[in-house]
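Biologist: Can you take me through a few local features of this one? Start wherever you like.
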Amino acid sequence: QVTLIESGGAQVQAGGRLTLSCAASGSILASDTVGWSRQAPGKQRELVASITSGGPTNVADSVKGRFTISRDNAKNTVYLQMNNLAPEDTAVYYCNLRRRASLTSRTYWGQGTQVTVSS
């Protein structure tokens, strides 16, 4: 069982910077895949970026070069550094963790943190 709590969301102007944090209640294992997704009003949730022990994976083209995902297993925390924010980045950002078992996997989700970018 893992509980994820996001923080760091805020309202900023275009071109601004934010760093989101996701704190896990338990240890983040090396085998875990962690990531960030976002959901804008009226739109489906989309993957922003994910990261394994080997490094970032599946970084969305829309944020490539602007957002950086990282993890600190010792601190049980995942980060999303967001630079040069644009109004299109406005969304609720969710942290998630996927933990694999022998036959199935279990995915945990945080409750989200709001990011609002003003033009």
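Modeller: I'll start with T113, which is buried, at a relative accessible area of 10%. Buried means under 20% relative accessible area, exposed over 50%, and partly exposed in between, with a 1.4 Å probe and protein chains only. This is a predicted model, where local features need pLDDT of at least 70, side-chain atom pairs count only at pLDDT 80 or more, and totals for chains, interfaces and linings use all residues. Residues are numbered from 1 along each chain as its sequence is written, and side-chain values use heavy atoms, leaving out hydrogens and water.

Biologist: Where does T113 lie?

Modeller: In strand β11, residues 113–118. Strands (E, at least two residues) and helices (H or I, at least four) are DSSP runs numbered from the N terminus.

Biologist: And what does T113 touch?

Modeller: Leaving aside residues up to four places away in sequence, T113 touches E6, S7, G8, G9, L20, A91, V92 and Y93. Contact here means heavy atoms within 4.5 Å. The T113 side chain also reaches the backbone nitrogen of G9, at 3.1 Å.

Biologist: Changing topic. How many disulfides?

Modeller: The count is 1 disulfide, a disulfide being a pair of cysteine sulfur atoms within 2.5 Å. C22 and C95 form it, with their sulfur atoms 2.1 Å apart. The pair links distant parts of the chain, 73 residues apart: C22 is in strand β3 (residues 18–24) and C95 in strand β9 (residues 91–100).

Biologist: Is N58 buried or exposed?

Modeller: Exposed, at 56% relative accessibility. N84 is another non-glycine with a positive phi, of about 50 degrees. N84 sits in the loop between β8 (77–82) and β9 and is partly exposed, with a relative accessible area of 48%.

Biologist: Last topic, rings. What does the charged end of R45 sit over?

Modeller: The charged end of R45 sits over the ring of Y94, 3.8 Å from its centre, and over the ring of W109, 4.7 Å from its centre. A charge sits over a ring if NZ of Lys or CZ of Arg is within 6 Å of the ring centre and within 35 degrees of the ring normal.

Note on methods
A polar contact is a pair of N or O atoms within 3.5 Å; within protein, one must be able to donate a hydrogen and the other to accept it, and residues adjacent in sequence count only if both atoms are side-chain atoms.
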